[in-house]
Amino acid sequence: MMNLKPVSLFNIQVNALSMAETVEIIATWLVGSNQSCRFVVTPNVDHIVQLDTNQSLQSAYRNAALVVVDGKPVVWAANLLGRPLPGTVPGSDLVPAIFENAQKEQTPLKVFLLGAMPGVAERAKLNIETQWPMVQIVGTHSPAFGFEKDTTYSTEICRMVNATNAQLLLVGVGAPKQELWVNAHAHQLRVHAALCIGATIDFLAGEKARAPMWMRKLGLEWLHRMSTEPRRLAKRYFIDAIVFPRLIAKAWWQRRRAA
């Protein structure tokens with residue numbers, strides 16, 4: 001069994017895995033016979049801030065099979081706190097890496113896309129199957145607003161996913177909604193793995209553009225996203241910029257006292 005390299009960071013267990021290690025682990029899940037749904041979450045700064053007070057999100061993180069970091073500021077904080085991580089594993093990079101692995105290994109992969117606005121997942125399906133012919137998008141669904149509060153509707157979504165015999169479920173409905181929904185319904189899903197991946201379906205569809213590579217390398221992808229969606233994201237990033245340094249200071253002090 002592969003070492004998942006758990007480390008404690010901001011009162012959650014994070015897996016100190018590289019992108020290649022994460023893809024390898026998920027690939028073994030996808031070809032296995034186990035029908036339980038393992039799910040993956042990718043904390044960024046905003047998630048860490050929410051985790052400080054959101055007990056439901058804390059529960060989802062405890063139940064996740066893998067917790068891999070999305071966001072260089074979290075990696076920098078981990079290094080500062082003596083919990084070094086090999087790098088980031090953003091969902092928007094992890095998904096193409098999984099597809100690329102399936103293509104390289106010539107292993108067919110059935111995927112269901114749950115999320116994005118109507119029509120977007122269908123465009124993502126076309127792009128994915130063109131670029132990675134071994135990947136088959138067996139179903140898509142754009143859930144209605146408030147779906148996570150409707151138990152009957154959520155059960156129907158699970159049935160919809162299960163009927164396609166998908167191996168991998170990609171859930172892109174925003175945090176913390178996606179993490180809470182998958183945690184609540186994992187027992188109803190027969191996929192091998194589910195990934196909580198934010199705006200990745202939009203990126204794959206060409207609906208939204210990712211930050212230039214130089215911004216990603218410098219840890220400035222958040223700045224690019226805020227500049228493209230200021231009304232939705234400016235307040236969030238402002239709060240994160242205030243709270244996250246406080247959480248780092250608190251964790252550093254706790255570590256010092258423990259030492």
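**A tour of salt bridges and a hairpin**

Begin by selecting Glu-207, which is partly exposed, with a relative accessible area of 44%; on this scale buried means under 20% relative accessible area, exposed means over 50%, and partly exposed lies in between, as computed with a 1.4 Å probe on protein chains only. Before moving on, keep in mind that this is a predicted model, in which local features need pLDDT of at least 70 and side-chain atom pairs count only at pLDDT 80 or more, while totals for chains, interfaces and linings use all residues. Residues are numbered from 1 along each chain as its sequence is written, and side-chain values use heavy atoms, with hydrogens and water left out.

The side chains of Arg-123 and Glu-207 meet in a salt bridge, at 2.7 Å from N to O. Because Glu-207 lies in the loop between α9 (200–205) and α10 (213–217), whereas Arg-123 lies in helix α6 (residues 120–131), the pair ties together parts that are 84 residues apart in sequence. The term salt bridge is used here for a side-chain nitrogen of Lys or Arg within 4 Å of a carboxyl oxygen of Asp or Glu, and the structure holds six salt bridges.

Next, select Asp-46 and Arg-236, whose side chains also form a salt bridge, at 3.8 Å from N to O. Asp-46 lies in helix α2 (residues 45–51) and Arg-236 in helix α12 (residues 230–258), so this pair connects parts that are 190 residues apart in sequence. Are the two partners buried or exposed? Asp-46 is buried, at a relative accessible area of 9%, while Arg-236 is partly exposed, at 25%.

For another salt bridge, select Lys-177 and Glu-148, whose side chains meet at 4.0 Å from N to O. Here distant parts of the chain are linked, since Lys-177 sits in helix α8 (residues 177–185) and Glu-148 in the loop between β6 (135–141) and α7 (151–163), 29 residues apart. Lys-177 counts as partly exposed at 25% relative accessibility, as does Glu-148 at 28%.

Finally, turn to strand β1 (residues 6–9) and strand β2 (residues 12–15), which pair in the antiparallel sense over four bridges. Two strands pair if DSSP finds at least two bridges between them, and the helices (H or I, at least four residues) and strands (E, at least two) are DSSP runs, numbered from the N terminus. Select Val-7 and then its bridge partner in β2, Val-14. Between the strands of this hairpin there are two residues, and Phe-10 takes a positive phi near 50 degrees.
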